[in-house]
Amino acid sequence: MARRYDSHTTTFSPDGRLFQVEYAMEAISHAGAAVGIRTDFGVVLAAEKKILSKLLETSEASEKMFKLDANIAVAVAGINSDANILINSSRLFAQRYALNYSEQVPVEHLVQSMCDQKQGYTQFGGLRPFGVSFLFGGWDRNFGFQLYQSDPSGNYSGWKATAVGANSQAAHSILKTEYVEGISLSTAKQLSLKVLKQTMDSTILIPDKVELSELAWQDGVPGQVSYRLVRGVELRDLCIAVNRENM
Amino acid sequence: MDVLFAFTGDKFAVVVSDTTSVQQIIVQKDDEEKTLDLDSHKLLAMSGPKGDCVHFGEYVQANMKLYELKNGHKLSTHAAMSFIRGELAAALRKGPYQVNMLLAGYDEHEDDASLYFIDYLASTQKVNSGGHGYGGMFCLSLFDKHWKPKMTRAEADVLVDTCIAEVRERLVTAPAKYHVKIVDKTGTSCTLYDCVEKAAEKARMAA
């Protein structure tokens, strides 16, 4: 009888819960964590890359960070193939908006559109929910730099700093104590790695196992925003600094 | 035979439209509103068949309202122009709306007003001044001569006077009443420009 409420996404259990949605969230809490920090000068996203085997070819391309439009990027925690579907439709939405209004899509507008799609799969029968949470880093004219988090139920919320995925509770509590108003972009980068390290099993941070990106003013001057992955020497130095801090 | 013209000033834009509703050779009424308030900071002046103007104008207006409700902020004037152009272009291949438009708006983030010329073939242009209809055509040469960047309110008033005087002198069926609408930081405002009243006042002053 218990299966009755377990296998259908659209059926409430007697105590008012949607088990399939909760299972999807549970799946995410085992996935590599993603951390996001919003500053007045940009948004930083960091994520853990799980290396499954040393035989696996590591790709140069980003695995967990995706650019949706010139002003919006996401970090993924959960099932990557599910994420690809949502990323694809979000990119389409962003371009459709640009076609209609000749402007970049406002961040929350895009977040909402993706969450509408996620919500649909919690209500219409025969389908499972998307097993993925996103961190959105974005900038728009109305609200400046923004950070949002979304989950499989289709809920989303705006944050100054947040984390999703494995050990996100621990990450939250560090962020709560260490986040300060007016934090600089470089401090935010360090903090995001420090928090990410706490969520991981290993005691030291290896550049191969993390991805870091920033969406910030191009050349640090307000005007044009640009998204870039932090990699190579820059990422290595940041990791070394974080490793040293905790010794 | 609509008279429609508009121009930008220093952080404001002026949109003038006549108020007569004409059916063939009959004047039906003289308090017709041809300039629609799309939202608190946007004006859309329209010329063409009445039905098309009302239907398309209200359609755009409703969409502006819907966008604001959904997103908690208004579209920029440029985005509104883009929306109008898209809708007009889509309709062009089906059953076109025969409306020519002037879109004026004030944008908070730029702290300035802008004006767009849009015709029924969905071509748009950002302009400093523009007009539609025969009356609007007469005004173009006046704008060439008298429009300058960063005009004050007083200078704008004089230019409106000059334009209307020209229309009254040269157009066969020149209307006597106009709506002068202004959009700026505080929103939109409308004043009635009655040529007969103005002439009477002028005569009183002279006497």
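The model is predicted, so local features need pLDDT of at least 70 and side-chain atom pairs count only at pLDDT 80 or more, while totals for chains, interfaces and linings use all residues. Residues are numbered from 1 along each chain as its sequence is written, chains are lettered from A in the order in which they are written, and side-chain values use heavy atoms, with hydrogens and water left out.

Twelve residues from chain A and twelve residues from chain B make up the contact (heavy atoms within 4.5 Å). Between them the chains bury about 960 Å², 48% of it on carbon and sulfur atoms; buried area here is the accessible area (1.4 Å probe) lost on putting two parts together, summed over both. On the chain A side, A:Tyr101, A:Ser102 and A:Arg141 supply 45% of the buried area, more than any other three residues. As for salt bridges (a side-chain nitrogen of Lys or Arg within 4 Å of a carboxyl oxygen of Asp or Glu), the count between the two chains is zero.

Over in chain A, five strands line up as an open antiparallel sheet in the order 3-4-5-6-7. Strands are DSSP runs of E, at least two residues long, and two of them pair if DSSP finds at least two bridges between them. Strand 3 (65–69) and strand 7 (156–158) sit at the edges with a single partner strand each, so one side of each has no neighbour in the sheet. Strand 5 (residues 132–140) and strand 6 (residues 144–150) pair over seven bridges, and A:Asp140 has A:Gly144 as its bridge partner.

Notes
Helix = DSSP H or I, 4+ residues; strand = E, 2+ residues; numbered from the N terminus.
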